[in-house]
Amino acid sequence: MRKVSIFGATGSIGQNTIDLIAREPGAYDVVALTGGQNIARLAADARRLNAQIAVTADESRLGELREALAGSGVEAAAGTRAIVEAATRPADWVMSAIVGAAGLAPGMKALEQGATLALANKESLVTAGELIMRTARQHGGRILPVDSEHSAVFQGLVGEDMSAVERIIITASGGAFRDWSLQEMARATPEQAAKHPNWDMGLRITIDSASMFNKALEVIETKEFFGCPHSMIEVLVHPESMVHALVGFKDGALMAHVGPPDMRHAIGYALHWPDRRKLPVERLDLAKIGTFTFRQPDPVRYPALRLAHEVLEAGGLAGAVFNAAKETALDGFLARRIGFLQMAEVVEEVLERLVASQCLKNAEMTLDTVQETDHLARKTAQEVMAEQDR
Ligand code: NAD
Ligand code: MG
């Protein structure tokens with residue numbers, strides 16, 4: 001039986017992972033499941049999958065979790081430290097599906113144990129790409145991409161050498177506002193941004209899709225994971241969300257990965273890798289679909305993409321600044337403190353204030369320096385938003 005743990009088990013990726021695991025009773029020995037506020041979901045899944053331990057990020061809800069698990073034999077724990085500790089429990093395969101920078105530390109811990117890390121938490125690569133790739137190498141751990149575009153590129157590279165690759169194209173659905181004018185986007189509400197046309201995902205990534213911050217994170221993720229120069233990475237708007245990525249080779253060939261917008265494909269690929277197994281995803285009827293369309297993303301409506309390339313140009317801890325500023329600006333938008341387009345303004349201002357500073361330039365990348373940079377960028381983003389309030 002394969003030992004598996006799922007970090008962020010109660011979220012959209014976590015639930016899709018559990019869906020796949022629960023279809024094969026007896027194949028998996030579930031070690032740890034972690035969640036946040038949804039104690040009922042966490043406890044029900046931990047009971048159903050007979051997990052060793054269930055951990056909630058919220059310390060104030062430990063009593064509730066204990067009660068929900070009473071008599072089940074499943075251990076209960078709470079808090080950020082308990083989540084990282086759960087990642088030290090031996091597991092063969094670990095799903096990293098916490099949202100945000102909070103996913104970095106448990107993922108690092110799992111890699112230090114030599115586990116295979118299925119990485120949905122793109123923030124890990126954006127904030128600490130070099131560190132997490134190095135940690136995997138040093139401890140014999142392996143990272144498998146779960147973001148659909150990166151899984152698609154990874155699959156396109158099987159049997160190929162990176163030296164034969166000329167370009168990597170990742171697609172973007174365009175999110176909720178792909179056909180909106182700049183003026184309309186300026187007045188957009190969180191409710192409007194939370195409606196994704198194609199994918200059913202967590203709230204934060206859905207809003208990041210509307211602003212293209214999600215694609216900006218993914219450009220950085222591509223560079224960090226595949227180790228290619230960022231000038232090789234292109235983004236195309238593809239409203240149908242069926243071609244997830246294309247790899248362009250030296251001989252002019254483009255290998256496209258085509259599939260329905262269902263994360264269980266990428267999760268299942270990472271779960272069964274290097275094998276391919278039958279997965280419960282829709283089989284596309286291309287004759288019925290008829291056409292795929294592609295267009296260039298509008299740089300005026302989506303400044304996040306330009307910022308991603310600036311971050312990669314700066315290198316080092318700039319990714320940690322970018323991600324933390326973005327997370328804070330998103331909180332500001334959700335709280336109706338700033339407008340939709342102001343999110344990019346806040347992030348750009350934070351990058352300007354912090355990335356040029358000498359201390360960031362010379363700092364070595366460790367979990368501590370990444371976390372310090374993250375805190376500094378969040379504080380700076382708060383200051384920028386407070387100045388805008390005035
Ligand atoms: P979600 O909001 O649905 O779930 C997030 C999970 O993280 C929940 O279990 C929640 O309890 C937990 N969590 C939140 N804050 C936490 C904290 N501070 N500490 C510990 N746990 C915390 O998010 P999601 O859509 O499943 O996305 C998860 C990750 O996967 C993100 O990094 C996202 O960018 C990435 N991703 C998601 C999709 C998708 O289809 N949903 C696709 C590609 C990549
Ligand atoms: Mg993606």
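Author: Helices (H or I, at least four residues) and strands (E, at least two) are DSSP runs, numbered from the N terminus. In that scheme Ala110 lies in helix α5. This is a predicted model, in which local features need pLDDT of at least 70, side-chain atom pairs count only at pLDDT 80 or more, and totals for chains, interfaces and linings use all residues. Residues are numbered from 1 along each chain as its sequence is written, while chains are lettered from A and ligands numbered from 1 in the order in which they are written.

Reader: What is the mean pLDDT of the protein?

Author: The term pLDDT stands for the predictor's confidence in each residue, from 0 to 100. The mean for the protein is 97, and 100% of its residues reach 70 or more; the model scores ipTM 0.99 and pTM 0.98.

Reader: Is Ala110 buried or exposed, and which residues is Ala110 in contact with, apart from its neighbours within four places in sequence?

Author: A residue is buried if 20 or more other C-beta atoms lie within 10 Å of its own, exposed if 12 or fewer, and partly exposed in between, with C-beta atoms placed from the backbone. Ala110 has 31 such atoms within 10 Å and is therefore buried. Two residues are in contact if their C-beta atoms, placed from the backbone, lie within 7 Å. By that criterion, and leaving aside neighbours within four places in sequence, Ala110 is in contact with Ala87, Ala91, Val94, Ala115 and Leu117. Its C-alpha atom is separated by 23 Å from that of Gly202, a residue 92 places away along the chain.

Reader: How should I read the annotated positions, and which residues does the UniProt annotation "binding site" cover together with Asp147?

Author: UniProt positions are given in the numbering used here, feature names are shortened, and annotations may be inferred rather than shown by experiment. One "binding site" annotation, from an unreviewed entry, covers Asp147, Glu149 and Glu218. These residues span 72 residues in sequence, yet no two of their C-alpha atoms are more than 8.3 Å apart, so they gather at one spot. Asp147 is found in the loop between β7 (142-145) and α7 (148-156), whereas Glu218 lies in helix α11 (residues 213-226). Asp147 counts as buried because 27 C-beta neighbours lie inside 10 Å, and Glu218 is buried because 28 other C-beta atoms lie within 10 Å. Leaving aside neighbours within four places in sequence, the contacts of Asp147 are Ala120, Lys122, Glu218 and Glu221, and those of Glu218 are Lys122, Asp147, Glu149 and Ile170.

Reader: UniProt also places the feature "binding site" at Ser173 and His196; where do Ser173 and His196 lie?

Author: That feature, again from an unreviewed entry, takes in Ser173 and His196, with Lys122, Ser209 and Glu218 also among its positions. Ser173 lies in the loop between β8 (165-172) and α8 (182-186), and His196 in the loop between α9 and α10. Ser173 is buried, because 21 other C-beta atoms lie within 10 Å, while His196, with 18 C-beta neighbours inside 10 Å, counts as partly exposed. Beyond four places in sequence, the contacts of Ser173 include Pro197, Trp199 and Ser209, and those of His196 include Gly175, Met201 and Ser209.

Reader: Which residues of helix α10 are buried, and what covers them?

Author: An α-helix has 3.6 residues a turn, so residues three or four places apart point the same way. In α10 (residues 203-211), the buried residues are Ile205, Ile207, Asp208, Ser209, Ala210 and Ser211. Their cover includes α9 (190-193), α11, α14 (303-314), α15 (318-334) and α16 (342-355). Just after α10, Met212 takes a positive phi of about 70°.

Reader: How many residues surround ligand 1, and which helix supplies the largest share of the shell?

Author: A residue is near a molecule if its C-beta atom, placed from the backbone, lies within 6 Å of it. Ligand 1 is surrounded by 27 residues, the closest being Gly8, Gly11, Gly36, Met201 and Gly202. At least two residues of the shell come from each of α1 (12-22), α6 (122-139) and α10, and α1 gives the largest share, 3 residues.
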